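Okay, thanks for coming, everyone. Let me put the model up and then walk you through a few spots in it.

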Amino acid sequence: MKRILTVMSLMAALAVAGASASMAQDVQGKPLHADQLANDNWLLRVAPTETSKYLLLPVEEKAPEARLKLIVDGQLRRNIDVRMALHKIDYFVPLMLDEFRGHDLVMQVHMNIDRSNRGGTASEICWQNIRLSDEFNMTNRERFRPLYHHTPVYGWMNDPNGMFYKDGVWHLFYQYNPYGAMWGNMNWRHSTSRDLLHWQDEGVAISPDAHGAIFSGSCVVDEKNTAGFGAGAVIALYTSAGDVQSQSLAYSTDGGRTFTPYAGNPILTADVPDFRDPNMFWNEDINAWNLILAVGQEMRIYSSPNLREWKEESRFGLGYGSHDGVWECPDLFKVKNERMKSEKWVLVCNINPGGPFGGSATQYFVGDFDGHKFTCNSDPQVTKWMDWGKDHYATVSFWGAPQGRRTVLAWMSNWQYANDVPTRQFRSANSIARDLGLFNDGSEWYVSVKPAPEMLAARGKRLKNPAEACEIVVELKASATITLANAKGEKVLMTYDDDARIFSMDRTGSGEVGFSEAFPCTTKAPTHGRLRQLRIFVDRSSIEAFDAEGRFAMTNLVFPSEPYNSLKVKGGKATIYDLID
Ligand code: FRU
């Protein structure tokens, strides 16, 4: 992993325990004085001669967001929102000072607290604890941090963005908050992988600008230089979320490491509030680019010769599928059924709320697309879900995956409680990579979801009992129950009902479940036929169950107080494989 920094043990201890006021005094680094101004404002100065790498800001997650204006040479460089600690320090977040080196950095902080209720002034703990430092610990120090799922090195993550594959490398960008482990300050951060299992942090790739925060979007590799930024440039389209939502373009001529925002931004505007998450692709059928955008409760489809100028072609969605929430994060691509030599277009539509078990989920439509109009093959009232768990959202696919694969990642959480899950150093992981296909049941086409082949390569030695990171393969003949448990009596109960053809997962007693009323639940999936083999992927805080043939997937978070180490299977035969020894 590319780590910019070394370990600092005191910081680690603070972050694990949740620093108390006295412990916070132990943080190394030079304290930085702040001046109290009128009306809830403070002023901090970092001198041009300062050489430290970071300004460490103390965060308390229950505090309101303070607004920090970063002013360089009298000009506003940007605003950031930080939950500056009032009573206790949960952890520190680093502000990187590189970009300000040699200049006066003046920070004006507006605290957003009602001082009349706080009995006096200047009692907030943050003011004695802001530090200049050369060190910030990015090593994993949390027990719920997954061992083989992608997570941010610190801070908050939601949707996967701009995923593409090039020259043997999988690129993943994602919605990212560098200034806390809760949603806010949206940037795109970047990770890369050669095997979809081991990820390297590549740092922040696109930061908010005057057009707004950087919301979700997509990337393509413009091999033919249609956009004019050079052959092979990586082009990103994303939503600029300011006072309004509009679409912006940024290009990279170094393979996706750094991006330059296009001077002509925004490239696409509308007169509606929810207008976001552009997903573009080259459509060889019409020899042009297509773009699909989520607009309220429908999708708009566009075409372009050059990725900069887009023409609206059609709209899809009114009256189709689930409308119990806002439509977000679309995708549109072809998938195949090799055996039947069939090919269909799939329109992916993430929806929040309105999922089958409450909150966020991924629905999709199967149909035909001629580059102009998507026609759904099902009746309007038919709703199809790509995953039947509670923690599978914002699913989109990689551009340019090899061998014609359609490989996707989801954000493994749910907006109902994503900000409240019991982690601190980071929040949220991605699902394992999955490859999509096509199957039919009666007259309906469905998307098949299988673990990516890289997951087979990750299998290690056989184990007697489940480990923190393992795959459990269960051969089934008829109905079965599968119980994963630990010595504390915490358990996850999975059942397959061969008569009803239903698979279910009950996490009500799985460990820590009390942080949200919406968390404890049992999720159920139709199996579209008899289940023969189950593949269950266990990591420190997640369980993903698949029919080996791809006819259902179910993804659920779990937070056991100690790892599940016993497995009981009635009605089937289990083999356990260590993953990533
Ligand atoms: C989905 C979403 C997107 C938006 C992003 C903002 O989870 O709401 O629609 O672009 O998150 O972080």
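Before anything else, a quick definition: when I say buried, I mean under 20% relative accessible area, with exposed being over 50% and partly exposed in between, using a 1.4 Å probe and protein chains only. Bear in mind this is a predicted model, where local features need pLDDT of at least 70, side-chain atom pairs count only at pLDDT 80 or more, and totals for chains, interfaces and linings use all residues. Residues are numbered from 1 along each chain as its sequence is written, and side-chain values use heavy atoms, with hydrogens and water left out.

So, T192. By that definition T192 is buried, with a relative accessible area of 10%. You'll find T192 in strand β12; strands here are DSSP runs of E, at least two residues, and helices are H or I runs of at least four, all numbered from the N terminus. The side chains of T192 and E202 are joined by a polar contact of 2.6 Å. By polar contact I mean a pair of N or O atoms within 3.5 Å; within protein, one must be able to donate a hydrogen and the other to accept it, and residues adjacent in sequence count only if both atoms are side-chain atoms. Setting aside neighbours within four places in sequence, T192 is in contact (heavy atoms within 4.5 Å) with V169, W170, H171, H198, W199, Q200 and E202.

Now the sheet around it. Strands of a sheet pair through backbone hydrogen bonds, either parallel or antiparallel, and I call two strands paired if DSSP finds at least two bridges between them. Here 5 strands make an open sheet in the order β13-β12-β11-β10-β29, with mixed pairing. At the edges sit β13 (199-206) and β29 (426-427), each pairing on one side only. Strand β11 (residues 169-177) pairs with β12 (residues 187-193) over 7 bridges, in the antiparallel sense. What stands opposite L172 in β12? That's S191.

On to the ligand. Near, for me, means a residue has a heavy atom within 4 Å. There are 13 residues around the ligand, and D159, Q175, R276, D277 and W415 come nearest. A polar side-chain atom of R276 is 2.7 Å from a ligand oxygen, and for W415 an N or O atom in the side chain is 2.9 Å from an oxygen atom of the ligand. S216 brings a polar backbone atom, 3.1 Å from an oxygen atom of the ligand. Taken alone the ligand exposes 320 Å², and the protein buries 95% of that; those areas come from the Shrake-Rupley method with a 1.4 Å probe, and for residues only the protein chains shown count as cover. Which strands supply at least two residues each to the shell? Those are β10 (155-166), β14 (213-222), β18 (275-283) and β22 (326-337).

Strand β15 (residues 233-241) is mostly covered, with 9 of its 9 residues buried. A hairpin through 3 residues takes β15 into β16, and those two pair antiparallel over 8 bridges. Within that pairing, I235 stands opposite Y251 in β16.

Last stop, L132. This one is in strand β9 (residues 131-133), and L132 is buried, at 4% relative accessible area. The C-alpha atoms of L132 and Y54 are separated by 5.7 Å, although they sit 78 residues apart along the chain.
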